[in-house]
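Visitor: Please walk me through this structure, a few places at a time.

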Amino acid sequence: MNVSGALSMDLAIGLGEDGCSRLMSRRVSFPWSLGRGYPGPPGSPVTLIPQVGGAGLLAGDRIGQRIRIEDGAALQLESAGAMLTYGTPGGQGSVSDWAIDLGHGSRAVLLSEPYVLFDDADLTLRQTITLPRASTLVSCEGICAALPGRRCWRSEVVVRRPDGTVLFEDRQQVTGELLARLAEMPGTWTSFGTVIVLSEDPDGALGVMTSTADRLDDGIWTGIAPTRDGSGVCVRVAAGSGQQLRTALRILARSASRIGTGRAAA
């Protein structure tokens, strides 16, 4: 699977001889740094925490991230540090391109810190994911734009079966004009996120995510719906600050990570 930008992170996750999920290989460069990971007992994911370094994304930057998860392996990826995104008037947009290839019976929980958009930022975030039928995907992403201004954010998520059949597709766009309109509404909405859960138990996923969203703090808005093809659930989140959004996404991801493991609790 290819990405459009320079490859900044290339990870392979597999099963060790002890049956535990492990980081089998890695290649990481700016703006990321990554430790060796934290493997758990057999059946649990290896936890990786890539950290964002430096200034983040400048106008015209294009970075790529590729993750391959072998059959039966499990990954919990939690980025540390917000990806700051800067722009210049009339400058080129930035692109962060993620390619994730899951194996049969594998699991991936991808929890990104919200991207922080400064004035004139123009960011496109792409996720291209291959998901076999017996595998589970939880993907969380978000943006924070503290004040209305000149900025634009686009999100493109495409999930396919190994034969190329499109399973799920989602496209969003937020502009400074839209942020200004939202600022005129009751409440202060500055931060927005999406949680996608695709699993062999979509009904269970809907119940778990609905129950979890109901327990979030006041000031967090959520909208939950099954995907059109019935393969999972999509949750939209709006919050008044990046910190509120970050907390909400982590709570939702924690619940979603248990779906299909026998540990889910509504």
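**A guided conversation**

Visitor: Where is Arg 154 found?
Guide: Arg 154 is in strand 14, which spans residues 152-160. Strands (E, at least two residues) and helices (H or I, at least four) are DSSP runs, numbered from the N terminus. The model is predicted, so local features need pLDDT of at least 70 and side-chain atom pairs count only at pLDDT 80 or more, whereas totals for chains, interfaces and linings use all residues. Residues are numbered from 1 along each chain as its sequence is written, and side-chain values use heavy atoms, with hydrogens and water left out.

Visitor: And which residues does Arg 154 touch?
Guide: Beyond residues up to four places away in sequence, Arg 154 touches Asp 122, Leu 123, Thr 124, Leu 125, Gln 172 and Gln 173. Contact here means heavy atoms within 4.5 Å.

Visitor: Is Arg 154 buried or partly exposed?
Guide: Arg 154 is partly exposed, because its relative accessible area is 26%. Under 20% counts as buried, over 50% as exposed, and anything in between as partly exposed (1.4 Å probe, protein chains only).

Visitor: Now Met 9. Where is Met 9 found, and what is Met 9 in contact with?
Guide: Met 9 belongs to strand 1, residues 6-15. With a relative accessible area of 0%, Met 9 is buried. Neighbours within four places in sequence aside, the contacts of Met 9 are Arg 27, Val 28, Trp 32, Pro 50, Gly 64, Gln 65, Arg 66 and Trp 98. For Met 9 and Arg 27, the separation is 18 residues in sequence and 5.7 Å in space, C-alpha to C-alpha.

Visitor: What about Met 24: buried or partly exposed?
Guide: Met 24, in strand 2 (residues 21-28), counts as partly exposed because its relative accessibility is 44%.

Visitor: Let us turn to loops. What is the peptide bond from Phe 30 to Pro 31 like?
Guide: That bond is cis, with omega near 10°. Pro 31 sits in the loop between strand 2 and strand 3 (32-33). Another loop residue is Asp 120, between strand 11 (115-117) and strand 12 (122-130). Asp 120 is not a glycine, yet has a positive phi of about 70°.

Visitor: Is Ser 106 buried or exposed?
Guide: Ser 106 counts as buried, because its relative accessibility is 0%. Ser 106 lies in the loop between strand 9 (94-102) and strand 10 (107-111). Its contacts, residues up to four places away not counted, are Ile 69, Glu 70, Gly 72, Ala 73, Ser 135 and Thr 136.

Visitor: On to the helices. How do helix 2 and helix 3 cross?
Guide: The axes of helix 2 (residues 202-214) and helix 3 (residues 242-256) come within 10 Å and cross at roughly 150°. That makes helix 2 roughly antiparallel to helix 3, a term for angles over 145 degrees. The crossing is right-handed.

Visitor: Which residues make that contact?
Guide: Helix 2 contributes Val 208, Met 209, Thr 212 and Ala 213, and helix 3 contributes Ile 251, Leu 252, Ser 255 and Ala 256. Six of these residues are nonpolar, two are polar and none is charged.

How values were computed:
Axes are lines fitted to C-alpha atoms, for helices over the stretch in contact, and angles run from 0 to 180 degrees between N-to-C directions. Angles under 35 degrees count as roughly parallel, over 145 as roughly antiparallel, 65 to 115 as roughly perpendicular and the rest as oblique. A crossing is left-handed if the near helix is turned anticlockwise from the far one by less than a right angle, and right-handed if clockwise. Ala, Val, Leu, Ile, Met, Phe, Trp, Tyr, Cys and Pro count as nonpolar, Asp, Glu, Lys and Arg as charged, and the others, Gly among them, as polar.
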